[in-house]
Amino acid sequence: DLDEIRRVLAQAVEVKGKPVMVQLKTTIGYGSALAGSEKAHGSPLGPENLKALKRTFFGSDDWTFRVEDSVYATFAEAAARGRAAEDEWNTKVQQVAAEVAGDEKLKRALDVLLHGNDDAWKAALPRFKPGDKDLATRQVSEMVINALSPTLPFFIGGSADLTPSTLT
C-alpha cells in the first residue's frame, strides 16, 4: 500500500526532537514462488518465475528495467549532501585528533579506528591461495568477520533477518 507508506513517512518526518521508528511488515520475494523464504534473497528466481513476476507487476513478461532521469538527479543531490557531510566529518576528526594527541592510548585507538593502522587485525585475516576450495562470498565474509571481531573491539557487522543466508 504505497499511499499508506507515503502517509506514514510524511507523518514521521514531521516529528521533531526525538527519534521515530517506522515499522513495515514485508514479505521477501513477494509475488514469487520463493516468497517468505530466505531463498528469495540468496537464490535466482529463474526465468519462468521472473516472467511471471514481470507480468504480475508490469503487465508484460518482456518488461525491462530502466532508471528515470529524475532518479539520477535525486542521487546527484544526495551525493552533494554526502560530500558536505564528509567534509564536516573530516573537520571533526581533525579536532578529535588534536584533542587526543597527548594521550598515546587514545591516539592509537583513533588511528586504528580511522586508518586500520594496526598489524593485529591484518595478521588475523584468513589467507586464501589459488587452488583453495571454492567458497561463496558470504562464506568468506563470515570467515573475515569472525577473524576481525576479536582484534577490533569497535567492529560491528550483521544483516538482520538475512543472517542465515549471508552468514554474518
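How many aromatic pairs does the count come to? It comes to three, where rings of Phe, Tyr and Trp (its six-membered ring) pair if their centres lie within 6.5 Å, and planes under 30 degrees apart count as stacked, over 60 as edge-to-face and the rest as tilted.

The model on display is predicted, so local features need pLDDT of at least 70 and side-chain atom pairs pLDDT 80 or more, whereas totals for chains, interfaces and linings use all residues. Residues are numbered from 1 along each chain as its sequence is written, and side-chain values use heavy atoms, with hydrogens and water left out.

Select Tyr30 and Phe57 to begin. Their rings form a tilted pair, 6.0 Å centre to centre with 50° between the planes. Tyr30 lies in the loop between α1 (2–14) and α2 (39–42) and Phe57 in helix α3, so the pair ties together parts 27 residues apart in sequence. Tyr30 is exposed, at 58% relative accessible area, and Phe57 is partly exposed, at 42% (buried is under 20%, exposed over 50%, partly exposed in between, with a 1.4 Å probe and protein chains only).

Next, select Trp63 and Phe65. This pair is edge-to-face, with 6.4 Å between centres and 85° between planes. Trp63 counts as partly exposed at 21%, while Phe65 is exposed at 66%.

Finally, select helix α3, residues 47–58 (helices are DSSP runs of H or I, at least four residues, numbered from the N terminus). Gly59 follows α3 and has a positive phi, near 80°.

Key: Helices (H or I, at least four residues) and strands (E, at least two) are DSSP runs, numbered from the N terminus. The expected span of a helix is 1.5 Å times one less than its number of residues.
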